[in-house]
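Read it with the coordinates open.

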Amino acid sequence: MLSSIPPFVLFFVGALAVAFTKGTARKALLLAIPIVGGLNLWFGVEPGIHQQFEFLGYTLVPYRADKLSLLFGYLFHIAAFIGFVYALHLGDDAPEGSVAGDVGEEDVSGNARAGLQHVSAMLYAGSALGAVFAGDLITLFVFWELLALTSAFLVWARGSERSLEAGFRYLVIHVVSGVLLLSGALMIARETGSIEFGALAGADGAVGSLAAWLILASFGIKAGFPLVHNWITEAYPESTPTGTVFLSAFTTKVAVYALARGYAGTEILIYIGTLMTFFPIFYAVLENDLRRVLGYSMINQIGFMVAGIGIGSAMAVNGAVAHAFADVIFKGLLFMSMGAVLTMTGRTKGTDLGGLYKTMPKTAFLCIVGAMAISAFPLFSAFVTKSMIMVAAIEEHHYIVWLFMLFASAGVLEHAGIKIPFFAFFAHDSGIRAKEPPKNMLVAMSIGALLCVLIGVFPSQLYALLPMEMEYHAYDMRHVVTQLQLLCFGALGFITLMKTGVYPDEKRAVHVDAEWLYRKAGPWVVGTVGRLVGRADAYVRSSVLELVDSIMSGAARAHGPIGPLARSWPTGSMVLWVAILLAGYLLFYL
Amino acid sequence: MSHEHHDHAPQEPIGWMDKPDVVKRVFTVFYAICVVLFLAELVLMGTENAHPHPLEERMRYLVYPVFGFISFWFLVLVAKPMRGLLIRPEDYYDGGDDAE
């Protein structure tokens with residue numbers, strides 16, 4: 001029976017139950033819901049349309065399962081489970097051994113808003129499931145907006161002024177994305193009479209209609225395309241340690257799923273994706289906030305997926321979705337490790353951290369596992385997923401793209417593989433003596449780490465779930481050796497950069513990015529235009545008032561007690577004027 | 001401060017990075033791995049590529065180690081002048097001015 005109910009329903013009902021429970025009952029619910037939902041999906045759901053109904057002449061399909069949606073369905077259940085294990089301690093006493101209070105971060109975890117975090121995370125995970133199982137564009141739009149709304153609460157849960165502002169900007173950007181999606185969907189409905197969510201772009205690799213462009217823009221905003229990517233780097237670091245773990249798992253991966261379904265083989269995505277792999281790594285070198293570094297890293301990783309979807313071959317699309325699967329786990333692990341650092345120290349900036357391996361060795365180890373996974377070391381997950389996209393780029397003769405990706409792969413090692421663990425746990429000793437995070441956080445990180453290794457060691461299990469038929473063997477001698485060469489000599493480059501003092505110091509600063517447009521330029525333009533309009537308005541008002549004033553005073557002069565028009569006129573002068581007017585009349589008309 | 005009040009004050013933890021000989025040994029092992037990987041190219045010459053492609057064949061010899069090493073330097077050498085151009089004070093978006 002459960003198999004015919006859309007997966008999101010369990011999470012939405014579960015969120016209601018979570019809202020009205022506390023303590024052990026709530027914890028049991030938080031863990032049980034993703035487990036029950038996941039097992040049901042794995043054992044009970046076959047590909048096909050499981051729910052549909054007519055509405056205003058259109059067919060709404062709230063529950064359609066195929067290999068692509070099922071893969072993301074499994075992934076989101078795993079991500080939700082890991083996330084809730086990680087967030088299980090919320091509502092308990094402050095973690096023992098935390099020194100976050102030393103820097104004024106008394107409630108860095110948003111403990112006072114534990115219920116809000118649990119409920120909104122449950123609704124958020126449900127919205128992500130609703131989106132990937134939506135068989136039509138209108139249902140997709142509904143969950144698209146729910147994703148935005150529910151996740152914004154995870155940003156606000158931090159309770160700081162910065163998180164409040166970042167959350168509002170985040171929400172506005174995502175609502176705009178939803179509006180674009182709805183506009184495109186309505187145009188498609190009018191043009192074709194159908195709202196089915198299938199391939200949206202033309203078969204020739206071009207985007208095609210205006211509707212397809214609008215929807216691509218909508219998906220692009222959620223995927224963090226260049227110029228609209230800063231919601232990731234802005235909102236994620238402002239959320240709570242646990243909130244960011246959920247945020248990193250769902251929104252962008254729903255966008256990757258939507259792109260894979262709607263725009264596979266769309267050429268422009270190859271170049272957008274390549275740009276996404278490339279530019280964030282420079283920012284990641286400079287950035288001080290390590291969770292913001294991970295935000296840039298996320299854009300970089302999504303870049304590989306977007307490029308793979310753009311290449312469009314079976315290997316490339318499989319590589320993109322497989323990499324999305326691996327990314328949720330290893331990026332989640334990295335965000336969890338930085339969340340643990342934030343929870344226990346109240347800090348996430350490279351300038352403040354260092355030497356934590358002495359008192360947080362388990363967290364350091366688990367972070368390194370995540371770092372090795374994202375860097376694509378053999379036996380770790382990205383090695384068996386990202387390489388599919390790289391091979392597909394070569395097979396489809398995108399050589400320049402491949403070179404950029406190879407460079408970006410070295411960049412991943414630099415910022416996520418080395419910088420994150422090095423500056424947080426090693427580098428100089430900051431003197432911070434925080435203890436390991438609560439056990440549930442360590443368990444969640446261990447599950448993530450284990451999955452990173454399992455996917456890397458047994459890739460065929462993941463490959464069997466991929467949507468397209470293909471044959472690929474990640475492990476051959478050359479691939480292993482060349483990848484190790486790339487990574488180890490890259491690391492050697494890092495050592496030489498450090499030893500020669502060329503590597504830039506971490507600085508307490510921000511680096512201007514596209515967000516400047518709406519955080520500085522936009523307000524400046526609005527402010528300047530407002531001032532100019534204000535001045536023009538004041539000028540017009542004062543001029544008109546002066547004019548009215550002068551007319552009034554002129555009238556007063558003319559009609560006042562001594563004004564000429566107020567005088568009594570003698571009859572003689574009236575006769576004289578009548579005679580003059582008569583003479584004028586005669587002159588013109590006779 | 002705690003030293004003044006307690007005879008058994010908690011000792012500062014000493015990690016492996018505080019021991020220069022251990023750090024040196026770690027680096028030595030890492031350099032040895034690099035040398036082995038460098039030499040592995042010779043072994044690779046006799047193997048078949050599971051996913052052969054002309055570009056990789058042409059740029060086969062020592063491409064990956066050289067590319068990896070140079071990429072890091074390129075990345076940092078580009079990022080540093082970028083910082084000069086883009087850096088702003090921490091409160092830049094909270095009402096801070098443009099000057100660093």
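Of the 100 residues of chain B, 11% count as buried. The model is a predicted one.

**Chain B**
- Chain B holds four helices and one strand.
- Its elements follow the order α-α-α-α-β from the N terminus.

**Domains of chain A**
- Domain 1 of chain A brings 48 residues to the contact between the two, and domain 2 of chain A brings 55 residues.
- On the side of domain 1 that touches domain 2, α3 (67-86), α8 (230-235) and α9 (241-262) of chain A each give at least two residues.
- The largest share of that side is from α9(A), with eleven residues.
- By class, this side of domain 1 of chain A counts 29 nonpolar, 13 polar and six charged residues.

**Hairpin in chain A**
- Strand β1 (residues 48-55) of chain A pairs with strand β2 (residues 58-65) of chain A.
- The pairing is antiparallel and runs over six bridges.
- Within this pair, Q51(A) sits opposite Y63(A) of β2(A).
- Two residues lie between β1(A) and β2(A), and the strands form a hairpin.
- L56(A), in the turn, has a positive phi of about 50 degrees.
- β1(A) is hardly covered: of its eight residues, the number buried is zero.

**Contact between chains A and B**
- Chain A puts 45 residues into the contact, and chain B puts in 38 residues.
- Five elements of chain A each supply at least two residues of the side that touches chain B: α10 (267-286), α14 (381-395), α15 (399-425), α18 (477-499) and β3 (509-511).
- α18(A) gives the most to this side, 16 residues.
- By class, the side of chain A that touches chain B has 28 nonpolar, nine polar and eight charged residues.
- β3(A) also pairs with a strand of the other chain, β1 (residues 87-89) of chain B.
- This pairing is antiparallel, over three bridges.
- A509(A) has P89(B), in β1(B), as its bridge partner.

Methods:
Residues numbered from 1 in each chain as written. Chains lettered and ligands numbered in written order. Predicted model: local features only at pLDDT ≥ 70, side-chain atom pairs only at ≥ 80, totals over all residues. Buried ≥ 20, exposed ≤ 12 C-beta atoms within 10 Å, placed from the backbone. Pairing = 2+ DSSP bridges. Contact = placed C-beta atoms within 7 Å. Nonpolar A, V, L, I, M, F, W, Y, C, P; charged D, E, K, R; others polar.
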